[in-house]
Amino acid sequence: MIIDVNTHLGHYPFRPVRFTSAARMIEHMDAHGIDMAVVSSLHAVFYRDSHRGNEELFQDVRQFPDRLIPVATVNPKYVGWERDLEESVRRWNAKGVTLLPEHHGYSLTGELGRAALGRIVDYDLPVVLTQRLEDRRQRHHWDVAEDLTTAQLTEVAAAHPKLRCLLSNWIGLNGAQLIAAGLRGRCLIDFARLDVLLNKAIPKLVDELRVESIAFGSHLPFDYLGPSLVKLANIAALFPAEDYEKIAWKNAAAFFRLEIAEGRTGRRKGGP
Amino acid sequence: MTMENRRTFLRNAGTAFGAFAVASRNSVAADADRDKVEDAESSMLDWPDGVGLPQGWRQMRKLDAHNHVMQDVHKPQADWSSVENLVAAAQALGINKLYCSRPVSKGILAEIAAVRDANDSVLAAMKRFPGQIEGYCFVQPGNGPAALDEIERCLEAGMIGVKLYNQFKYTDPIVFPVVERCIERRIPILGHSAYLTDAKSLAAQPLTSHALDFCELSGRYPELILILGHVNGGGDWEWAIKGLRDCPNVYLDTSGSVLEDDTIGRCVLELGHRRILFATDLTMEGGVGKILSAELTLQQREDIFWRNFQGILDRRAA
């Protein structure tokens, strides 16, 4: 069983992506052995009213309730965001909330960021913080979003001691800094930009933060699935079977409090 | 694999790979050591295929056309761990050979002594890992005749090509003598490339060549074997691919830290798969993974993984 914690649905304004709808995403997941995916809306990144992107997302994923796990996107600068968040959580059962301070033009540590993070804690949901959607060296001139930094992350963690964070598409994370910020045990790190073999970024984080802190992620539809599947295959070779299962899906299931039906958790061919 | 083996791999540069390194650097290695080498190789190729990947992918032949040795491993008491990690990673991924260089970066107009020093580290790695690490000779064209002498020194020591970085645009006539020497010796030039759209990145390396610079150079020297380095190295890869459409003599390598779908598909669609060379540039699992998940025929995948580059290497002997 594999749960991918780093996927998006929808179009991206600066280049075509191939898996824009829930149906296309499911087809691609099936072709590569991915059982479930945590998805957020790319449209919600760029619409003036992010919640319109949420509406599309929840509508699209509802035909695959046991495969796609929706995450709401909130822009605390936009009128009525609290009510929109309430709708995402109560009506649509969002399992997490994405904040995009760089794209939406506010600071996570400013008044708006604090308010949004506080509300997310109140709902006892995790926040999804994506370091970047794409590499700035190739960006469109309208794309002015900078990468999130570890300093921002640790400041947020210190200010919200009950906040749980999915760190999506990050690189350069320092385990000691995360521990000092109190994030051990309340962050889940998607491994899309980390490696197993050469720099051993994943094993180092496992050593520092414990295996429960790492999860399979691919950054679909931006990136190929293959790189993350290769890393998972290497984890199958190097880690005990129980740790492999945690990274492949159990950590994601626990973090997002998913109820996985009995009989869905069997090992696929190629696992440890 | 036991926990102890895992720890050994993770912390000491490779499962049974420590034994491999020892045997490789010792030309009179004992039979027992050679057995350990073979055990190490076979055990890593026995690692699972995993989920969602082509069956037997680790056993597929692969030549990594763009990689690096970046430490002073030629100096006394050198720390070899990073090179050992590199070779161990290649072994686990079924990469048969790593074609490495050590460019002087950041646009520095290095003196020839510094250039030689950089190449010496690659030569040391080639010597320690024969058959696994091959070398490109980095030259700084501004060194003039000394750069040409350095190419000869490197070739004499077994290197297979030349690496250019971003000291000069490849359309600058100062580069031409290097090009002409490479044509004469039938060796490829691997060129650092990027079409940088971010002002900060561009300011940091203003003389980095992009696809049209490669095209212009190739147009001037159609006999040249020219490789545009790391299509996914951070610049606009869509621009790079389209920029090479009218330059049939320019190859492109697939490396870089960007792993964006559908780079490989676009390369094949626009340029044909024969011009595409597998490489990682130190993004090793990502580099292999994107070729594995690209929609390719088995023949295309094999050509990209090794056969296209082997064709380039074979031209030296022709």
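Helices (H or I, at least four residues) and strands (E, at least two) are simply DSSP runs, numbered from the N terminus. Everything below comes from a predicted model, where local features need pLDDT of at least 70, side-chain atom pairs count only at pLDDT 80 or more, and totals for chains, interfaces and linings use all residues. Residues are numbered from 1 along each chain as its sequence is written, chains are lettered from A and ligands numbered from 1 in the order in which they are written, and side-chain values use heavy atoms, with hydrogens and water left out.

**View 1. The second largest pocket, with helix 3 of chain A giving the most to its lining.** A pocket here is an open set of points on a 1 Å grid over the protein atoms alone, where a 1.4 Å probe fits, with protein on both sides within 12 Å along at least five of seven lines; lining residues have an atom within 4 Å of a point. This one has a volume of about 410 Å³, counted as the space filled by probe spheres set on the points, which are joined across faces, edges and corners. Of its 20 lining residues, A:Pro65, A:Leu68, A:Pro70, A:Trp92 and A:Asn93 lie nearest the centre.

**View 2. Where chain A meets chain B.** Count contacts (heavy atoms within 4.5 Å), and you get 44 residues of chain A touching 53 residues of chain B. The area buried between them (accessible area, 1.4 Å probe, lost on putting the two parts together, summed over both) is about 4,100 Å², with carbon and sulfur atoms giving 54%. On chain A's side, A:Arg137, A:Leu198 and A:Tyr224 supply 20% of the area it buries against chain B, more than any other three residues.

**View 3. A salt bridge between A:Arg139 and B:Asp198.** A salt bridge means a side-chain nitrogen of Lys or Arg within 4 Å of a carboxyl oxygen of Asp or Glu. In this pair, the closest N and O atoms are 3.0 Å apart. Between chain A and chain B, the count is 6 salt bridges.

**View 4. Helix 7 of chain B and its neighbours.** Spanning residues 176-185, helix 7 has B:Phe176, B:Val178, B:Val179, B:Arg181 and B:Cys182 buried, meaning under 20% relative accessible area (1.4 Å probe, protein chains only). Those residues pack against helix 6 (145-156), strand 4 (161-164), strand 5 (189-191) and helix 9 (211-220) of chain B. Just after the helix, B:Arg186 takes a positive phi of about 55°.

Note on methods
Buried < 20%, exposed > 50% of the residue type's maximum accessible area, 1.4 Å probe, protein only.
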